[in-house]
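Here is a short briefing for a first look. Start with the structure itself.

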Amino acid sequence: MNTAVHFTAASETIVWRIGMSFVAHLINGISLGSVYALIALGYTMVYGIAKMLNFAHGDVIMIGGYVVFVTVSGMGLNPLASIIISMAVCTVLGVTIERVAYRPLRGASPLAVLITAIGVSYFLQNVALLVFGSDTKAFTNVVTLPNLELFDGQLVIKSVTIVTVIVSIIIMVGLSLFVKKTKIGRAMTAVSEDKGAAQLMGINVNGTIAVTFAIGSSLAAVAGVLLCSAYPSLTPYTGSMPGIKAFVAAVFGGIGSIPGAFIGGILLGVIENLSKAYISSQLADAIVFSILIIVLLVKPTGLLGKKIQEKV
Amino acid sequence: MALLEVKNLGISFGGLRAVNAFNITIEKGQLYGLIGPNGAGKTTIFNLLTGVYQPDEGSIILDGVNVTGKRTIDICKAGIARTFQNIRLFGDMPVLDNVKVGLHNHYPYSTLEGILRLPRYFKVEKEMNERAMELLKVFGLEEYADYKAENLPYGQQRKLEIARAMATAPKLLLLDEPAAGMNPNETKELMDTIQFVRDHFDMTILLIEHDMKLVSGICEKLTVLNFGEVLAQGETQEVLNNPEVITAYLGE
């Protein structure tokens, strides 16, 4: 009798622990996914409006990370101020890339634009390599809040995790409102639907696309800071893998759709983290990309993508 | 002074002379028709007038201002608005928002004010909503304000395109085959709408149309285009009785 009670208590503890660790992995996955979502928003907005894939987007994240690294570790600035500087630098960078590299190719074949984007991506990586060197920089976590401990310390959630999720949700809601409810948002939607008609209604197409790049790039800066705070190492290649995964997230959710990018990002982060925890950390990326392939086979336009109707 | 004065307008695409020595003078408040067989260059002229194409030669003077060779958005700001032969609404957007896109340049607030939702954002958006609803009412579309534009019936979509064009506050309205694909009842209704727009807004209208009933019913003057050149020009009845015009349309 006595042993039986003991046994039940022990097995309950094990179940409880497994449950707790699952919750922890899930929350970390959501957090990683929120970063993917922020990056994916940049991909999806630019694709939706300019109909191009900005493969340099991931490297803007890396630049954003370096700006924070330099201003916090090098100049000793307040983290919040450094994030704002980083957003400003990335915004200018994004608009400059658009102006110099992409705008002259407006109306060129999509392939030419794609190659240019890849070129810009390598250019940014190599500039960073030249300026900062190839060694890994230890990034100081800019989120200095205490961690959240639940159930007597059995479940510890890092503050950066919580901040990441909250910031992403705020940005996502804000962005949706911005696109739906403001003049510039309407201009963006109009340009994405029909550039020619928008122009004939007096919409400045180039200006609208520039604003899109500005917003996407400033979000990339935020994503960069959050990413580097969660995984505190910074190299010139830091942005490329998250960039590609965020692109996957955007396609997964339905490229061009803002809620799609968010859902795609979160799902991708959760799948990646749970695969790492329960299947294999080496195979995690393979699993992520396999799921993308399966989703695209079943639903080629992504989870929330618009159905392309064929008129007969 | 005429509202629109086009002189010697011409454009070639490769070896094809699409429009040659095109002249037209439209007085303020006139309802003017541009007709001609398919491929005569009518839509090309609209594209030249709105800056979609740059003319090889000639000049376009709108209300005393030379708009030749200007960019599309500048021509829109100068006061030429248009509709399209194939409806080009922003189908995924609500009907109200389609009109609000047309209002874009007339209700200023900055992107930052929009992001931060400063008081001016709410004030200006409210004014835009009111103005857009007013326009929708004029066209009898107010009940559809929240519909997606692509879900409107065909005839209403045509009207919405006119409403959206009117939102840009033009001096000259260009209608590209407004009755295309309409049944006789819808066409009749459209004729009333066009006349109403002219009277209500004191608008000058240039329209391309194949429906001769519509053309002879509402246009005061006509220009007939054939192979990119003006075949006849003048009072509607006079032009329609011109033997050359009848030949161009019906063959020998």
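The notes below cover the core, a hairpin and the chain contacts.

This is a predicted model: local features need pLDDT of at least 70, side-chain atom pairs count only at pLDDT 80 or more, and totals for chains, interfaces and linings use all residues. Residues are numbered from 1 along each chain as its sequence is written, while chains are lettered from A and ligands numbered from 1 in the order in which they are written.

**Core**
- The largest nonpolar core has 162 residues. Such a core is a set of buried Ala, Val, Leu, Ile, Met, Phe, Trp, Tyr and Cys residues joined through C-beta atoms within 7 Å; buried means 20 or more other C-beta atoms within 10 Å of a residue's own, with C-beta atoms placed from the backbone.
- Helix α1 (residues 2-50) of chain A gives the most to this core, with 15 residues; helices are DSSP runs (H or I, at least four residues), numbered from the N terminus.
- Among the residues with the most contacts inside the core are Ile39(A) and Ala163(B).
- Beyond four places in sequence, Ile39(A) is in contact (C-beta atoms, placed from the backbone, within 7 Å) with residues including His57(A), Ile61(A) and Pro242(A).

**Hairpin**
- In chain B, strands β1 (residues 4-13) and β2 (residues 16-26) pair in the antiparallel sense over seven bridges. Strands are DSSP runs (E, at least two residues), and pairing needs at least two DSSP bridges.
- Two residues separate β1(B) and β2(B) in this hairpin, and Gly14(B) in the turn has a positive phi of about 60°.
- Phe13(B) has Leu16(B) as its bridge partner.

**Chain contacts**
- In all, 24 residues of chain B are in contact with 19 residues of chain A.
- Helices α2 (72-78), α3 (95-103) and α4 (111-116) of chain B each supply at least two residues of the side that touches chain A.

Methods:
A residue is buried if 20 or more other C-beta atoms lie within 10 Å of its own, exposed if 12 or fewer, and partly exposed in between; C-beta atoms are placed from the backbone. Two residues are in contact if their C-beta atoms, placed from the backbone, lie within 7 Å.
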